[in-house]
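Thanks for coming. I have one model to go through, and I will start with its surface.

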Amino acid sequence: MKNTSEKREKEKRVVKEMISLYCHGHHHASGTGLCPDCRELCDYAWKRSDLCPFMENKTFCSNCTVHCYQPEMREKIRTVMRWSGPRMIFHHPVLAISHVIASKTEKKIKGGLSK
């Protein structure tokens, strides 16, 4: 299992890539930048990851049952993930596959511990 800081950094990288895909697909942001709304969502998601007290013993935020996001922001991040998730495989295949594998592995480990 990765240490907490590695997990946080990977979580933040995946979230940033997903928000970037969404922003470019929906808001037609130019270059590598994000529109103000997507920048705000990315900053919020990063802050949540940095402050998460459960990062050491939970799966990635997308699988978390704690839901520490404010309801409005949670809905925004879910919208981004629903749209960007399938597209990640074409834009960032290694990152997408490694995230899915790590997520499934952590779920399996956590599920095995709770039995």
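Accessible areas here come from the Shrake-Rupley method with a 1.4 Å probe, and for residues only the protein chains shown count as cover. On that basis, the accessible surface of the protein comes to about 7,200 Å², and carbon and sulfur atoms hold 57% of that.

Some ground rules. This is a predicted model, in which local features need pLDDT of at least 70 and side-chain atom pairs count only at pLDDT 80 or more, while totals for chains, interfaces and linings use all residues. Residues are numbered from 1 along each chain as its sequence is written, and side-chain values use heavy atoms, with hydrogens and water left out.

Now the fold. The protein has four helices and zero strands, in the order α-α-α-α along the sequence. Helices (H or I, at least four residues) and strands (E, at least two) are DSSP runs, numbered from the N terminus. With contact meaning heavy atoms within 4.5 Å, 70% of the contacts between residues at least 6 apart in sequence join residues at least 24 apart.

Of the 115 residues, 37% are buried, that is, under 20% relative accessible area, with exposed over 50% and partly exposed in between (1.4 Å probe, protein chains only).

Is K12 buried or exposed? K12, in helix α1 (residues 4–26), is buried, with a relative accessible area of 7%. Leaving aside residues up to four places away in sequence, K12 touches W46, S49 and D50.

Last, I101 has its place in helix α4. That is where I stop.
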